[in-house]
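Open the model in your viewer and keep the selection tool at hand. The tour goes stop by stop: what to select, then what is there.

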There are 2 protein chains.
Amino acid sequence: MFAEIITIGDELLIGQVVDTNSAWMGQELNKIGIEVLRIVSIRDREEEIIEAVDNAMKRVNIVLVTGGLGPTKDDITKQTLCKYFHTELIFSEEVFENVKRVLAGKIPMNALNKSQAMVPKDCTVINNPVGSASVSWFEKDNKVLVSMPGVPQEMTTVMTESVLPKLREKFQTDVIMHRTFLVQHYPESILAEKLEPWETALPESIKLAYLPKLGIIRLRLTGRGQNKTEVESALNDEQAKLEAILGDDIFSEEDIPLEVIVGELLKKKNLTVSTAESCTGGSIAARLTSIAGSSEYFNGGIVAYSNEVKMNLLHVSPETLEVYGAVSEQTVIEMVKGAMKALKTDCAVATSGIAGPGGGTPEKPVGTVWIAAGYKNEIRTYRQETNRGRAMNIERAGNNALLILRDLLK
Amino acid sequence: MFAEIITIGDELLIGQVVDTNSAWMGQELNKIGIEVLRIVSIRDREEEIIEAVDNAMKRVNIVLVTGGLGPTKDDITKQTLCKYFHTELIFSEEVFENVKRVLAGKIPMNALNKSQAMVPKDCTVINNPVGSASVSWFEKDNKVLVSMPGVPQEMTTVMTESVLPKLREKFQTDVIMHRTFLVQHYPESILAEKLEPWETALPESIKLAYLPKLGIIRLRLTGRGQNKTEVESALNDEQAKLEAILGDDIFSEEDIPLEVIVGELLKKKNLTVSTAESCTGGSIAARLTSIAGSSEYFNGGIVAYSNEVKMNLLHVSPETLEVYGAVSEQTVIEMVKGAMKALKTDCAVATSGIAGPGGGTPEKPVGTVWIAAGYKNEIRTYRQETNRGRAMNIERAGNNALLILRDLLK
């Protein structure tokens with residue numbers, strides 16, 4: 001089953017906004033066996049919207065549209081789709097109640113907000129629990145077009161809660177099952193080489209995908225067939241083979257963020273954690289606390305960007321900084337010890353590095369990051385190398401810090 | 001002058017990679033008066049590439065293609081474009097020298113790499129100084145198609161150094177100018193209402209767009225015309241009217257992140273800053289340090305998730321926590337003072353709130369966040385309300401903290 005995604009908004013074409021929605025939608029659609037053939041971004045212009053929609057409706061059975069549903073004049077998707085589907089806008093009391101609920105206590109209702117309650121007459125209106133723009137599900141010649149808001153949180157909520165289940169119900173005949181494995185310690189090409197004999201021998205009904213991301217490779221096995229028990233059993237067989245090849249390098253059999261994996265481990269062991277961050281600048285603490293309930297195991301952290309803070313709050317010795325420098329194994333060891341002591345936790349992670357783009361030296365080029373994880377009296381360290389740009393150097397250092405902590409605790 | 005961008009690669013359609021190239025290209029093309037009409041992402045399939053290219057060549061004069069130029073089997077853009085333009089691949093000694101130079105010391109040359117030196121016969125070949133895939137510039141009926149590598153660093157380099165200058169030279173273009181204004185203190189619909197009379201009276205040549213994001217609204221004015229002075233003068237007129245309506249609520253006349261705005265202000269005033277974060281969990285520090293050079297003004301931060309850390313490291317008094325609770329104006333005031341003292345900075349921001357989804361009470365429902373910014377002896381506070389989900393509550397609190405700090409410093 002094929003789909004096309006159309007994202008609408010001048011801001012996409014002039015490059016003010018990066019379209020992250022389509023990638024997320026592509027992933028989720030794939031999981032239910034719907035393949036995205038094309039992603040098209042167009043401007044808020046009636047004739048361009050109609051042309052793109054018409055072409056897509058000719059090519060595929062499922063067209064997912066995002067954007068152009070705001071209350072302001074530049075947003076014309078709703079009216080334009082009414083024109084395309086030969087219908088009109090009518091006032092929906094139910095949607096109006098939702099708009100009132102969503103806006104309650106935030107902003108006073110005005111005519112523009114009220115216009116959000118106008119919905120296409122000949123379509124199924126899907127409620128948007130997190131925003132004031134509703135979702136329109138059109139059907140024509142057994143094909144479906146769904147118009148959703150472009151705000152990522154609203155789109156992902158309505159997709160997850162309503163659109164994906166409805167699409168699955170309408171279009172999916174095959175059973176499709178996924179298993180995802182998170183793998184560490186491998187660059188992609190080396191892992192691909194190691195897995196090649198097994199991959200080549202995979203049955204027709206099972207597909208393997210590599211999804212590498214900064215020190216972590218996600219491997220996704222997708223099984224497809226008519227019979228659930230058969231698909232499940234084929235996946236079990238291949239999973240067993242994969243586990244025999246990779247062993248402990250598979251650090252999770254669920255596609256969940258590292259901060260969740262580490263959080264679960266800390267909860268299970270009843271341990272507390274803290275962070276001492278230089279180059280990662282608070283991003284590891286932010287990741288740990290992005291998880292609801294993290295206050296159970298996360299006490300706090302120190303972002304020690306200056307050497308003075310490293311000395312004053314983490315008690316890194318001036319001699320260590322003088323002799324080995326801030327970016328050194330010795331410094332991160334003292335940082336991790338300092339964090340456990342100052343924040344009174346059972347374990348901690350620490351980072352210090354040159355995130356770039358400036359600040360590199362021949363011995364410590366941009367991209368060099370020292371990382372440490374400590375648990376009681378044991379400390380492990382890791383030197384991260386190669387420069388992938390500031391943002392990715394920081395994110396990868398966070399991944400490595402959490403991976404090392406997990407290895408230490410497990 | 002209109003362009004279309006075609007990005008090629010299965011990884012885009014299954015959501016493995018977010019297409020950040022197109023946004024960058026859209027921005028750069030706009031700057032030289034070329035408007036992107038459409039961005040299309042398609043799979044590595046010959047018939048789909050030919051269809052997309054052919055449609056684009058019919059619609060616009062400039063087609064920019066990225067991706068599918070790697071040495072592996074799945075990359076077929078080069079061969080497919082040869083087919084479309086009725087030409088063939090020939091070996092280029094010059095490109096081969098570049099491939100050798102780029103790969104030297106990294107990976108050994110093999111047959112696949114050598115295939116990178118095969119280039120379309122009837123096209124202008126543009127050298128790629130940072131990668132092994134060359135750039136092909138095709139012309140047909142006075143229209144141009146440029147095929148570039150999809151690796152962002154390679155694409156941006158060849159665009160900047162060769163493609164944009166060549167496009168500018170070849171096409172006589174309209175002048176297109178953008179002005180973006182960042183506005184605070186307004187929900188979108190209230191702002192739209194306030195601006196309506198002015199918006200309705202805008203001349204044909206000027207368009208307004210609203211781009212709201214968690215406490216901030218970006219307003220973009222786009223002017224278009226044949227004559228630079230005229231476009232500029234029309235924009236100046238409208239900008240003056242907008243500024244008269246919104247005054248200080250416009251906090252930036254450039255579309256840059258808040259952490260950059262605050263960072264520039266701190267540098268200009270030669271001040272240092274620190275953070276004391278509870279519910280934002282280090283994310284404000286992470287934002288501040290995401291900017292290269294932030295070590296000039298950012299000393300460090302304390303993530304005080306537990307009350308114990310608030311007391312021990314930020315010296316919040318136990319009585320304050322007991323009487324007013326951790327989520328209170330009194331607590332964030334003490335936190336901000338504690339941060340300035342412990343981290344020895346001129347100013348600081350602090351946050352404490354209920355990010356959710358749990359932890360709310362009738363007096364302090366989920367979404368309540370107390371925020372403070374302090375500069376020497378002055379402290380400003382703000383109570384953020386309404387729940388938009390954990391991640392957005394945190395991001396919005398970060399926005400508000402940086403906005404309050406900026407107001408305090410400016």
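**Stop 1: a pair in chain B**

Select Asp407(B) and Lys410(B). They form a salt bridge, with the closest N and O atoms 3.5 Å apart. A salt bridge here is a side-chain nitrogen of Lys or Arg within 4 Å of a carboxyl oxygen of Asp or Glu. Asp407(B) is buried, at a relative accessible area of 17%. Buried means under 20% relative accessible area, exposed over 50%, and partly exposed in between (1.4 Å probe, protein chains only).

Before moving on, note the ground rules. This is a predicted model: local features need pLDDT of at least 70, side-chain atom pairs count only at pLDDT 80 or more, and totals for chains, interfaces and linings use all residues. Residues are numbered from 1 along each chain as its sequence is written, chains are lettered from A and ligands numbered from 1 in the order in which they are written, and side-chain values use heavy atoms, leaving out hydrogens and water.

**Stop 2**

Over all chains, the rule counts 47 salt bridges.

**Stop 2: the interface**

Show chain A and chain B together. How much area do chain B and chain A bury between them? About 5,900 Å², with 55% of it on carbon and sulfur atoms. Buried area is the accessible area (1.4 Å probe) that two parts lose on being put together, summed over both. The contact (heavy atoms within 4.5 Å) takes 79 residues from chain B and 75 residues from chain A.

Nine salt bridges cross the interface of chain B and chain A. Zoom to Glu51(A) and Arg38(B): their side chains meet in a salt bridge at 3.2 Å, N to O. Strand S2 (residues 35-42) of chain B gives the most to the side of chain B that touches chain A, with eight residues. Helices (H or I, at least four residues) and strands (E, at least two) are DSSP runs, numbered from the N terminus.

**Stop 3: two helical pairs in chain A**

Select Glu28(A) and Lys31(A). They form a salt bridge, the closest N and O atoms lying 3.1 Å apart. Both sit in helix H2 (residues 21-31) of chain A, three residues apart, about one turn of the helix. Glu28(A) is buried at 17% relative accessible area, while Lys31(A) is partly exposed at 29%.

Next, pick Lys267(A) and Glu264(A). Their side chains meet in a salt bridge at 3.7 Å, N to O. In helix H10 (residues 258-269) of chain A, about one helical turn separates them. Lys267(A) is partly exposed at 36%, and Glu264(A) is partly exposed at 44%.

**Stop 4: helix H9 of chain B**

Select residues 228-246 of chain B. This is helix H9, with 19 residues. It reaches 26 Å from first C-alpha to last, close to the 27 Å expected at 1.5 Å a residue. That expected span is 1.5 Å times one less than the number of residues.

Which residues of H9(B) are buried? Val231(B), Ala234(B), Leu235(B), Glu238(B), Gln239(B), Leu242(B) and Leu246(B). Seen down the axis of H9(B), the buried residues fall within an arc of 135°, so they line one face of the helix. The arc is that of the directions from the helix axis to the C-beta atoms. On the other side, Thr229(B), Glu230(B) and Ala244(B) are exposed. The cover over the buried residues includes helix H8 (188-200) and strand S11 (216-225) of chain B.

Finish just after H9(B), at Gly247(B), which takes a positive phi of about 50°.
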